[in-house]
Amino acid sequence: MSKLLFLIRCERSSQLNLFFKHQGYFLALFTLAVAAGCRGFLAIGDWLNAYHDELVGLFDPAKGRLPSYSTIRRVLLNVDYQQYSACLAKFLRLVLVRVRW
């Protein structure tokens, strides 16, 4: 997990700047949890609890608290997935290809 956290910290002020202003905090937590293998919101909640101290140290949230899995779920309902995908692809240096079915 440390390499991924380092990359997020390094990119925080450049490529992912737009997302860290508003939804980015939640998207970063969601992305890290999925990258760690979480497959569902309850698993994300367990992951947030397991890595609480590391995540608080990385993101320095207000009052030292992390959002609950239900808060992350509510934020994800309003995400522009095309913009999120493009930003994540840029961060991971991927080329997005439009596939027609």
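A: Let us begin with a definition: a residue is buried if its relative accessible area is under 20%, exposed if over 50%, and partly exposed in between. The model shown here is predicted. Of the 101 residues of its chain, 36% count as buried.

Q: Which secondary structure elements does the chain have, and in what order do they run?

A: The chain has seven helices and zero strands. Read from the N terminus, its elements run α-α-α-α-α-α-α.

Q: What share of the contacts joins residues at least 24 apart in sequence?

A: A contact means heavy atoms within 4.5 Å. Among contacts between residues at least 6 apart in sequence, 67% join residues at least 24 apart. A related case is Phe59 and Tyr25: the two are 34 residues apart in sequence, yet their C-alpha atoms are 7.8 Å apart in space.

Q: Where do the buried residues of helix 4 fall, seen down its axis?

A: Helix 4 spans residues 41-50, and its buried residues are Ile44, Gly45, Trp47 and Leu48. Seen down the axis of helix 4, these buried residues fall within an arc of 165°, so they line one face of the helix. On the other side of helix 4, the residues Leu42, Asp46, Asn49 and Ala50 are exposed.

Q: What covers the buried residues of helix 4?

A: The cover includes helix 3 (24-35), helix 5 (52-59) and helix 6 (69-76).

Q: Which residues of helix 5 are buried, and which are exposed?

A: In helix 5, the buried residues are Leu55, Val56, Leu58 and Phe59. Seen down the axis of helix 5, they fall within an arc of 165°, so these residues too line one face of their helix. Asp53 and Gly57 are exposed on the other side of helix 5.

Q: How many aromatic pairs are counted?

A: Two aromatic rings pair if their centres lie within 6.5 Å, and planes under 30 degrees apart count as stacked, over 60 as edge-to-face and the rest as tilted. By this rule the count comes to one aromatic pair. The ring centres of Trp47 and Tyr51 are 5.7 Å apart and the ring planes stand at 45°, so the pair is tilted. As for accessibility, Trp47 counts as buried at 7%, whereas Tyr51 is partly exposed with a relative accessible area of 32%.

Q: Which residues make a nonpolar surface patch?

A: Phe41, Leu42 and Tyr69 make a nonpolar surface patch of about 280 Å². Tyr69 lies in helix 6 and, at 35% relative accessibility, counts as partly exposed. For the chain as a whole, the accessible surface comes to about 7,000 Å², of which 56% belongs to carbon and sulfur atoms.

Q: What value does phi of Asp60 take, and where is this residue found?

A: The general idea comes first. Most residues other than glycine have a negative phi. In this structure, phi of Asp60 is near 50°, a positive value in a residue other than glycine.

Q: Is Asp60 buried or exposed?

A: Asp60 has a relative accessible area of 61%, and it is therefore exposed.

Notes: Residues are numbered from 1 along each chain as its sequence is written. This is a predicted model: local features need pLDDT of at least 70, side-chain atom pairs count only at pLDDT 80 or more; totals for chains, interfaces and linings use all residues. Side-chain values use heavy atoms; hydrogens and water are left out. Buried means under 20% relative accessible area, exposed over 50%, partly exposed in between (1.4 Å probe, protein chains only). Helices (H or I, at least four residues) and strands (E, at least two) are DSSP runs, numbered from the N terminus. The arc is that of the directions from the helix axis to the C-beta atoms. Rings of Phe, Tyr and Trp (its six-membered ring) pair if their centres lie within 6.5 Å; planes under 30 degrees apart count as stacked, over 60 as edge-to-face and the rest as tilted. Patches are made of residues with over 30% relative accessible area and no salt bridge: like charges are joined within 9 Å, nonpolar side chains (Val, Leu, Ile, Met, Phe, Trp, Tyr) within 5 Å. Accessible areas come from the Shrake-Rupley method with a 1.4 Å probe; for residues, only the protein chains shown count as cover. A salt bridge is a side-chain nitrogen of Lys or Arg within 4 Å of a carboxyl oxygen of Asp or Glu.
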